[in-house]
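Subject: Model handover

Hello,

Here is the structure for your files. My notes follow below it.

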Amino acid sequence: MGICLAAMGGLKVEHVKGNKNGKDYEFFSFEKSFKNQQEEWESKSIILKPNEMLVAAELLNMAVAKIISASTKKRNEAKTAKAAEIGHETEDSVLSDDTPF
């Protein structure tokens, strides 16, 4: 069992240290708890080194940025389409995708 470094929303990072058969070990575990198809709680974890944790964090940030960008683009397209239906432009409809905010 490890020391919980952070946990939120069914996700947890643990620092695990120990000794097995005379050998010391140390690792970080990233764990997700969820209900399976039988409605029973279970957890899956992967072992990460600190540098891998940094890479995973950056990958998650990149993925979230893409999801938000796609969602914003869809929202703006919907606003533009609705504005076109009623015959006028909204502020968002005149902005291009590369306009800085």
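The second largest pocket is lined by L11, V13, F30, I46, L48, M53, A56, A57 and L60. A pocket here is an open set of points on a 1 Å grid over the protein atoms alone, where a 1.4 Å probe fits, with protein on both sides within 12 Å along at least five of seven lines; lining residues have an atom within 4 Å of a point. This is a predicted model: local features need pLDDT of at least 70, side-chain atom pairs count only at pLDDT 80 or more, and totals for chains, interfaces and linings use all residues. Residues are numbered from 1 along each chain as its sequence is written, and side-chain values use heavy atoms, leaving out hydrogens and water.

The lining of this pocket has 9 nonpolar residues, no polar and no charged. Helix α1 gives the largest share, 4 residues. At least two residues each come from β2 (11–20), β4 (41–48) and α1 (50–86). Helices (H or I, at least four residues) and strands (E, at least two) are DSSP runs, numbered from the N terminus.

Now the surface. V55, L59 and M62 form a nonpolar patch there, with about 290 Å² of accessible area together. Patch members have over 30% relative accessible area and no salt bridge, and nonpolar side chains are joined within 5 Å. V55 sits in helix α1. V55 counts as partly exposed because its relative accessibility is 49%, between the limits for buried (under 20%) and exposed (over 50%).

Overall, the chain has 1 helix and 4 strands, in the order β-β-β-β-α. Of its 101 residues, 12% count as buried.

Best wishes

Key:
Ala, Val, Leu, Ile, Met, Phe, Trp, Tyr, Cys and Pro count as nonpolar, Asp, Glu, Lys and Arg as charged, and the others, Gly among them, as polar. Patches are made of residues with over 30% relative accessible area and no salt bridge: like charges are joined within 9 Å, nonpolar side chains (Val, Leu, Ile, Met, Phe, Trp, Tyr) within 5 Å. Accessible areas come from the Shrake-Rupley method with a 1.4 Å probe; for residues, only the protein chains shown count as cover. A salt bridge is a side-chain nitrogen of Lys or Arg within 4 Å of a carboxyl oxygen of Asp or Glu. Buried means under 20% relative accessible area, exposed over 50%, partly exposed in between (1.4 Å probe, protein chains only).
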